[in-house]
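Biologist: Please put the model on the screen. I would like to go through it part by part.

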Amino acid sequence: MPGSFIRHYNYQARINANVSPAEDAQFRIVPGLSNATGISFESMNYPGYFLRNNNGNITLVKNDGSTTFRNDATFKRVNGLANASWTSYTSFSNPNLYLRHYNNVLKLEAVVTALDKSDATFREVAQ
């Protein structure tokens, strides 16, 4: 969805255009909380809060320091499934599951179809 951004809204990760406030779509990409070869997404306007898998739903949650949290908030960058010059993200603990959007909500799911691959491919934008 060109022109749309990953953002948090009411602690749920979504993908939307025209994000207000803009900070809701700004994340610091840091070394993975469970493994430094992965990455984690820390909210810019809620420091200490990270995007985390919660039973397939991606939510913004304060880091509680637990092993479970660290595992759920760590992802691995891979070549984009629909465009190799962009990026897809797998779950670090289950590399068969990808971050993808579905009905504007960010999920962690298996990717099968061409549409799934498109919905799981993102372009990182530095500001």
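Predicted model: local features only at pLDDT ≥ 70, side-chain atom pairs only at ≥ 80, totals over all residues.

Biologist: Which elements give two or more residues to the largest nonpolar core?

Modeller: That core has 14 residues, and those touching the most other members are Phe41, Leu51, Ile58, Phe75, Tyr89, Leu99 and Leu106. The elements that give two or more residues to this core are β4 (39-43), β6 (57-62) and β10 (105-109).

Biologist: Which residues form one aromatic cluster?

Modeller: Leu99 has Phe41, Phe75, Tyr89 and Phe122 among its contacts. The aromatic cluster is formed by Phe41, Phe75, Tyr89 and Phe122.

Biologist: What is the order of the elements from the N terminus on?

Modeller: The chain has two helices and 10 strands. Read from the N terminus, the order is β-β-β-β-β-β-α-β-β-β-β-α.

Biologist: Is β8 enclosed or open, and how many of its residues are buried?

Modeller: Thr87, Tyr89 and Ser91 point one way from β8, while Ser88 and Thr90 point the other way, and all are buried. Buried here means under 20% relative accessible area. β8 is therefore largely enclosed by the rest of the structure, the buried count being five of the five residues.

Biologist: Which residue stands opposite Ser88 of β8?

Modeller: Strand β7 (residues 75-79) and β8 run antiparallel and are joined by five bridges. Opposite Ser88 in β8 stands Val78.

Biologist: Where is Asn94, and what separates its C-alpha atom from that of Asn71?

Modeller: Asn94 sits in the loop between β8 (87-91) and β9 (98-102). Its relative accessibility is 30%, so Asn94 counts as partly exposed. Asn94 and Asn71 are 23 residues apart along the chain, and the separation of their C-alpha atoms is 9.7 Å.

Biologist: What kind of aromatic pair do Tyr11 and Tyr46 form?

Modeller: By the ring-centre rule there are seven aromatic pairs. For Tyr11 and Tyr46 the centre-to-centre distance is 6.1 Å and the planes are 55 degrees apart, which makes the pair tilted. Tyr11 is in the loop between β1 (4-9) and β2 (12-17) and Tyr46 in the loop between β4 and β5 (49-54), so this pair links distant parts of the chain.

Biologist: Are Tyr11 and Tyr46 buried or partly exposed?

Modeller: Tyr11 has a relative accessible area of 42%, and Tyr46 has a relative accessibility of 35%. Both Tyr11 and Tyr46 count as partly exposed.

Biologist: Why is the pair of Tyr11 and Tyr49 called tilted, and how many residues apart are they in sequence?

Modeller: The ring centres of Tyr11 and Tyr49 lie 6.2 Å apart with the planes at 35 degrees, so the pair is tilted. Tyr49, at 21% relative accessibility, is partly exposed. Because Tyr11 lies in the loop between β1 and β2 and Tyr49 in strand β5, the pair ties together parts whose separation in sequence is 38 residues.

Biologist: What is the radius of gyration of the chain?

Modeller: The C-alpha atoms fill a box of roughly 35 × 35 × 25 Å along the principal axes, and 40% of the 127 residues count as buried. A compact globule with 127 residues would have a radius of gyration near 14 Å, which agrees with the value for the chain, 13 Å.

Definitions and conventions: Residues numbered from 1 in each chain as written. Heavy atoms only, no water. Core = buried A, V, L, I, M, F, W, Y, C linked by side-chain atoms within 4.5 Å. Buried < 20%, exposed > 50% of the residue type's maximum accessible area, 1.4 Å probe, protein only. Helix = DSSP H or I, 4+ residues; strand = E, 2+ residues; numbered from the N terminus. Contact = heavy atoms within 4.5 Å. Phe/Tyr/Trp six-rings, centres within 6.5 Å; stacked < 30°, edge-to-face > 60°. Rg over C-alpha atoms; globule rule 2.2 N^0.38 Å. Pairing = 2+ DSSP bridges. Lists of a residue's contacts leave out its neighbours within four places in sequence.
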